[in-house]
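Me: I have a model open and want to learn how to read its features. Can you take me through them one by one?

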Amino acid sequence: MQGSAYGASLAGGAFDVVNFARQPQTILRCLSWVFSIVVFASITAEGYMNPLEAEDTKCMFNKNDSACSYGVGIGVLAFLACVVFLVLDAYFPQISNAKERKMIVMGDLIFSGAWTFLWFVCACLLANQWSKTADSSVIAKDAARAIVTFSFFSVVTWGLLFYFAFGRYLEGVSDFDQGYRDPANDHSTPYPPSPYASSSSSGPAGYQQSPFSNNQEQPGEYQPPAY
C-alpha cells in the first residue's frame with residue numbers, strides 16, 4: 001500500500017501542471033497575489049497627495065502616513081509569500097521526507113493565519129482613516145476605495161488558505177496515527193518475535209548445561225597423564 005503524508009503520496013511523482021492549476025490552494029494564492037499587488041501598487045502610485053499648503057506629500061487616508069506604510073508593507077510581504085508558497089506547492093509532491101512536508105505545512109499554516117489577521121487590521125485601519133478624511137477633492141477616490149476593498153478580499157483569501165493548510169496538517173497527523181505501528185507491539189508482522197525478547201537471560205529459555213561438562217576438570221587443575 002502506498003503511504004501518504006500531508007495530502008500527497010510519499011513516493012513522489014512528476015509535476016502535473018493541469019492538476020496543480022486546478023488546486024484550490026493555487027487559485028487562492030494567485031488571487032491573493034493579485035490583491036496584494038493592487039493594494040501596495042495603488043498606495044505607492046496614488047496613495048500620497050501633495051496639498052497646496054504643504055510641502056511634503058501626505059497619505060490620502062486622513063494624512064496618516066502610518067496607514068499607507070502599513071498597507072504597503074503588508075502587501076509587499078504578501079506578494080513575496082505567495083510566490084514562495086506557490087513554488088513550494090509545486091515542489092511539494094516530489095518531497096518524500098515527511099518531516100520536510102510537515103515544516104512546509106506548518107509554515108503555511110502559521111503565515112496564513114498571521115496574514116489573515118494582519119489584512120483584517122489593515123482593512124479596518126484604512127476604512128476607518130478613509131471615513132475620517134475631510135478634504136477628498138484632491139484624492140483619487142477610486143484608488144482609495146479599491147485599496148480598502150481588496151484589503152477585505154485579502155482577508156477572505158488568506159483565511160481560506162489558513163483553512164486548507166489546517167486541513168492538510170490534520171490529514172498528515174491522522175495518516176501517521178493510523179499508519180504507524182510500533183514494531184514491538186505489532187503482532188501482524190510476518191517475522192516471528194525474538195525468543196530473547198521476554199527472557200532476562202542472554203540465551204534461549206530452554207538452555208541446559210552441556211552433558212560433557214561433568215567430565216571436564218575444573219580450570220586451573222592439572223592432572224599428569226598416566227603411563
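Reply: We start with the ground rules, then go from the fold to single residues.

Me: What kind of model is this, and how are residues numbered?

Reply: This is a predicted model, where local features need pLDDT of at least 70, side-chain atom pairs count only at pLDDT 80 or more, and totals for chains, interfaces and linings use all residues. Residues are numbered from 1 along each chain as its sequence is written, and side-chain values use heavy atoms, with hydrogens and water left out.

Me: What is the mean pLDDT of the protein?

Reply: pLDDT is the predictor's confidence in each residue, from 0 to 100. Here the mean is 79, and 65% of the residues reach 70 or more.

Me: Where does pLDDT stay under 50?

Reply: Where pLDDT is low, the predicted coordinates should not be read in detail. One such run is residues 179–183, with 3 contacts beyond four places in sequence (contact: heavy atoms within 4.5 Å). Residues 196–201 also stay under 50, again with 3 contacts beyond four places.

Me: How many helices and strands does the protein have?

Reply: Both are DSSP runs, numbered from the N terminus: helices are H or I with at least four residues, strands are E with at least two. This protein has 5 helices and 4 strands. From the N terminus, the order is β-β-α-α-β-β-α-α-α. Of the contacts between residues at least 6 apart in sequence, 75% join residues at least 24 apart.

Me: How does the span of H3 compare with the expected one?

Reply: The expected span of a helix is 1.5 Å times one less than its number of residues. H3 has 27 residues and reaches 39 Å from first C-alpha to last, close to the expected 39 Å. At its start, a side-chain oxygen of Asn 64 comes to within 3.1 Å of the backbone nitrogen of Ser 66.

Me: Which residues of H3 are buried?

Reply: Buried means under 20% relative accessible area, exposed over 50%, partly exposed in between (1.4 Å probe, protein chains only). In H3 the buried residues include Ala 67, Gly 71, Ile 74, Ala 78, Phe 85 and Asp 89. Over the protein, buried residues make up 29% of the 227 residues.

Me: How many aromatic pairs are there?

Reply: Rings of Phe, Tyr and Trp (its six-membered ring) pair if their centres lie within 6.5 Å; planes under 30 degrees apart count as stacked, over 60 as edge-to-face and the rest as tilted. A search of the whole structure finds 11 pairs. Take Trp 33 and Phe 79: their centres are 5.7 Å apart and their planes at 25°, so they are stacked. Trp 33 lies in H2 (residues 24–46) and Phe 79 in H3 (residues 65–91), so the pair ties together parts 46 residues apart in sequence. Trp 33 is partly exposed at 32%. Phe 79 is partly exposed too, at 22%.

Me: What about Phe 162 and Phe 166?

Reply: They are stacked as well, with 6.4 Å between centres and 15° between planes. An α-helix has 3.6 residues a turn, so residues three or four places apart point the same way. Phe 162 and Phe 166 are 4 residues apart in H5 (residues 141–179), about one helical turn. Elsewhere, Phe 85, Phe 111, Trp 115 and Trp 158 form one aromatic cluster.

Me: Which charges sit over the ring of Phe 92?

Reply: A charge sits over a ring if NZ of Lys or CZ of Arg is within 6 Å of the ring centre and within 35 degrees of the ring normal. The charged end of Arg 101 is 5.1 Å from the centre of the Phe 92 ring. Arg 168 lies over the face of Phe 92 at 4.8 Å.

Me: Is Ser 112 buried or exposed?

Reply: Ser 112, in H4 (residues 98–131), is buried at 0% relative accessibility. A polar atom of its side chain lies 2.7 Å from the backbone oxygen of Asp 108. Beyond four places in sequence, Ser 112 contacts Trp 158, Leu 161 and Phe 162. Ser 112 and Phe 162 are 50 residues apart in sequence, yet 4.9 Å apart C-alpha to C-alpha.

Conventions. Polar contact = N/O pair within 3.5 Å; in protein donor to acceptor, adjacent residues only side chain to side chain.
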